[in-house]
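This briefing concerns a single protein chain and is arranged by topic. The sequence and the model are shown first.

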Amino acid sequence: MPPRKASAEEATARSRRTQQERREETRRRLLDATIGVLVEQGYARLTTVEVARRAGVSQGAIFTHFETKAELLVAAVEHLFPRLIQDYLAGYGGLPSGRDRIGAAVEMLWAVFERPEMLAAVELYVAARTEPEFQAALATVEGPHRNNLVRVARGLFPEAAEHPDFEAVVELIIDAVQGGAIARVARPHHPALRRMRQVLIRFVHRSFTRHRRQSRAQS
């Protein structure tokens, strides 16, 4: 039997899917290119011309996906964060048995904030200080991202998640590590940075260990 010809409806649906796939691919290339330019040239020197060149599209194509440069930058950060979390979880899942999980989690988070693309994201947060519209746009990403980080932490440490201040401790860890990332820009090899990391790990251990002891005593 000869192959059945596609109906007009099927052909239209296939064309729409193909167009959507092309659009999504172009958007992904633009976001990856934006992150690349941020890493190599920084926020101040980033131009949509260079982003378009790296993505292999016209500059006008950027503004069919994003209304403003700020929207492009915020979307790039939103695109980056899940990738970093995925890499973090993959590394955590590969830890050998018997390893200090809390210590490893803090050390690995510190390593994430040492990655060039994460430092580029931090640079955007600093730049937003004097740009209210940019700041507001970043806030729409930062809130859900922080909530996602807390959710991930609860999944990794279900016993510690019973601590009444668990969310605040997680937020404190993130802010401390982010502050360390900014400090490393000015003094990358200062011994105080390693001591900060060690103190942070001890603090987290004490916080959650004390709670576990109190819970057992009350049970």
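**Arg146 and the overall architecture**

Arg146 has a relative accessible area of 10% and is therefore buried (buried means under 20% relative accessible area, exposed over 50%, and partly exposed in between, with a 1.4 Å probe and protein chains only). The model is a predicted one, in which local features need pLDDT of at least 70 and side-chain atom pairs count only at pLDDT 80 or more, whereas totals for chains, interfaces and linings use all residues. Residues are numbered from 1 along each chain as its sequence is written, and side-chain values use heavy atoms, with hydrogens and water left out.

**Chain-level description**

- The protein chain contains nine helices and zero strands (helices are DSSP runs of H or I with at least four residues, strands are runs of E with at least two, and both are numbered from the N terminus).
- Read from the N terminus, the order of elements is α-α-α-α-α-α-α-α-α.
- Of the 219 residues in the protein chain, 39% count as buried.
- Among contacts in the protein chain with a separation of 6 or more, 66% come from residues 24 or more positions apart (contact means heavy atoms within 4.5 Å).

**Salt bridges**

- The structure holds 14 salt bridges (a salt bridge is a side-chain nitrogen of Lys or Arg within 4 Å of a carboxyl oxygen of Asp or Glu).
- Side chains of opposite charge can pair when their charged atoms come close.
- Arg146 is the partner of Asp175 in a salt bridge whose closest N and O atoms are 2.6 Å apart. Because Asp175 lies in helix α8 and Arg146 in helix α7 (residues 132-156), this pair ties together parts that are 29 residues apart in sequence. Asp175 counts as partly exposed, at 42% relative accessibility.
- Arg184 and Glu114 form a salt bridge with closest N and O atoms 3.7 Å apart. Arg184 belongs to helix α8 and Glu114 to helix α5, so the pair ties together parts that are 70 residues apart in sequence. Arg184 is buried, with a relative accessible area of 11%, whereas Glu114 counts as partly exposed at 41% relative accessibility.
- Glu50 pairs with Arg53 in a salt bridge, the closest N and O atoms being 2.7 Å apart. These two residues are three residues apart in helix α2 (residues 48-55), so about one helical turn separates Glu50 from Arg53. Glu50 counts as buried at 14% relative accessibility, while Arg53 counts as exposed at 58%.
- A network of salt bridges links Glu25, Arg28, Arg29, Asp32 and Arg83.

**Packing of α4 with α7**

- The axes of α4 and α7 lie 9 Å apart at an angle of about 10° (axes are lines fitted to C-alpha atoms, for helices over the stretch in contact, and angles run from 0 to 180 degrees between N-to-C directions).
- The two helices, α4 and α7, are therefore roughly parallel (angles under 35 degrees count as roughly parallel, over 145 as roughly antiparallel, 65 to 115 as roughly perpendicular and the rest as oblique).
- On the α4 side, the contact includes Leu73, Val77, Phe81, Ile85 and Tyr88; on the α7 side, the residues include Phe134, Leu138, Val141, His145 and Leu149.
- By class, the contact of α4 with α7 comprises 16 nonpolar, two polar and one charged residues (Ala, Val, Leu, Ile, Met, Phe, Trp, Tyr, Cys and Pro count as nonpolar, Asp, Glu, Lys and Arg as charged, and the others, Gly among them, as polar).

- Helix α5 (residues 101-114) and helix α8 (residues 166-186) have axes that come within 9 Å and cross at roughly 45°. The helices α5 and α8 are therefore oblique to each other.
- α5 contributes Leu109, Trp110, Phe113 and Glu114 to this contact, and the residues of α8 include Ile173, Ile174, Val177 and Arg184. The contact of α5 with α8 divides into seven nonpolar, two polar and two charged residues.
- Helix α4 (residues 69-93) packs against α5 at an angle of about 145°, with the axes 11 Å apart.
- Leu84, Tyr88, Gly91 and Tyr92 of α4 meet Arg101, Ala105, Met108, Leu109 and Val112 of α5. This contact of α4 with α5 has seven nonpolar, one polar and one charged residues.

**Thr26 in helix α1**

- Thr26 is located in helix α1 (residues 8-41) and counts as buried at 16% relative accessibility.
- Leaving aside residues up to four places away in sequence, Thr26 touches Val57 and His65.
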